[in-house]
Amino acid sequence: MSSKKSKDPCKVSACRIQTCLKEHKFDETRCYDVLEAMRQCCLKWHQVSLCCSGIKLDRDYLADKEAADREREQQQKKQQQ
């Protein structure tokens, strides 16, 4: 009998978060798209995915991204003046 381990359905998303954070020097604001994809996975699979333990299911990462983008644009405008 071969026992097949079930794959964590959100592991790929979790790995993408780690890659994104490394690429952006652990600046979470640069990875909101990836974090939102993980949240969506966890909304569906949180009861079986171990990767979802630290994900806030009620947090809207896309709204956070929009706010961070606006703030970044304002800072750039200030620097150009």
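A disulfide here is a pair of cysteine sulfur atoms within 2.5 Å. The model is predicted, so local features need pLDDT of at least 70 and side-chain atom pairs pLDDT 80 or more, while totals for chains, interfaces and linings use all residues. Residues are numbered from 1 along each chain as its sequence is written, and side-chain values use heavy atoms, with hydrogens and water left out.

The whole structure has three disulfides. Take Cys20 and Cys31, with an S to S distance of 2.2 Å. This link is left-handed, at -100° about the S-S bond. Cys20 sits in helix 1 and Cys31 in the loop between helix 1 and helix 2, so the bond ties together parts eleven residues apart in sequence. Helices are DSSP runs of H or I, at least four residues, numbered from the N terminus. Cys20 is buried at 9% relative accessible area, and Cys31 is buried at 1%. Buried means under 20%, exposed over 50%, and partly exposed in between, with a 1.4 Å probe and protein chains only.

Next, Cys10 is joined to Cys41, S to S 2.1 Å. Cys10 precedes helix 1 (11-23) and Cys41 lies in helix 2, so that pair ties together parts 31 residues apart in sequence. Both cysteines, Cys10 and Cys41, are buried.

Then there is Cys42 with Cys52, sulfur atoms 2.1 Å apart. Cys42 is in helix 2 and Cys52 in the loop between helix 2 and helix 3, ten residues apart.

In sequence order, the bonded cysteines of the protein chain pair 1-4, 2-3, 5-6. Cys15 is in no disulfide; its nearest cysteine sulfur, that of Cys51, is 7.1 Å away.

Conventions:
Helices (H or I, at least four residues) and strands (E, at least two) are DSSP runs, numbered from the N terminus.
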